[in-house]
Amino acid sequence: MSQDSLGGSFFHAKTALTENLKRIRSLDEEWCQLHKVYDEEFSEYTKVVLNGGNPRREKILYDKCHDLAERIKVISEEKRKLARESSDNINSHLEAVNDICRAISDKIREASAADTTLKRKGPSKRGDKRKEVGIKEDLEVDEVLNKDNVVAMENEPIYCICKEVAYGSMIQCDNDKCPIQWFHLECVKVTEIPKDDELWFCDKCSGKRNVKRKN
């Protein structure tokens, strides 16, 4: 179910639920009135029976009590039916909401995974040009993930001198033994990705070579 269709479905569900609640309240009022009459008639019936009085009167009161009890039973069943329908309707729409929330969460997770995919180059491929890591346009997310709104997944590795998860554009240190390996461009003040034949080393790996930095 799409978000648009879910909105329309919610409107109809709300209308149906409102009508059910009105009907239940109306049945409650009728149930209370009938029960009051039943109590009065049954009390009168009990007196007639105990006094051993008029059999005809006894039969009339018995029939009244029986009819009232049957009507009360019907109302109770109808109330239970309406309550079940309302509960099922609510549960159905809660499941639909959960499905959409899961879909949105999966899309954000996919976007985050795409944004944080680090394109590492092996030791024998020093000539490969580093590439900026960015979100693919076809993921259709509402906004680009950045340092302020990146979604940190459970057990997601951390990088850079800021010790945060991967996001945005990153660069890899050319020292194979670098303990950090990947850095956010803004954290190391790199404004341009080095060319294929240029090496870049982080501060800990003895280099600030062939790279333009912010002052």
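Among contacts in the protein between residues at least 6 apart in sequence, what percentage join residues at least 24 apart? The figure is 55%, with a contact meaning heavy atoms within 4.5 Å. The structure is a predicted model, in which local features need pLDDT of at least 70 and side-chain atom pairs count only at pLDDT 80 or more, while totals for chains, interfaces and linings use all residues. Residues are numbered from 1 along each chain as its sequence is written, and side-chain values use heavy atoms, with hydrogens and water left out.

Now for the layout. The protein has two helices and four strands, running α-α-β-β-β-β along the sequence; these are DSSP runs numbered from the N terminus (helices: H or I, at least four residues; strands: E, at least two). Of its 215 residues, 28% are buried, that is, under 20% relative accessible area with a 1.4 Å probe, protein chains only.

Ser86 makes a handy close-up. This residue sits in helix 2 (residues 55-115) and is buried, at a relative accessible area of 8%. Setting aside neighbours within four places in sequence, Ser86 touches Leu17 and Asn20.

As for confidence, pLDDT (the predictor's confidence in each residue, from 0 to 100) averages 75 over the protein, and 70% of the residues score at least 70. Over residues 116-152 the pLDDT is below 50, though this stretch has 80 contacts in the model beyond near neighbours in sequence. Residues 210-215 also stay under 50, with 19 contacts beyond four places in sequence.

Notes:
Buried < 20%, exposed > 50% of the residue type's maximum accessible area, 1.4 Å probe, protein only.
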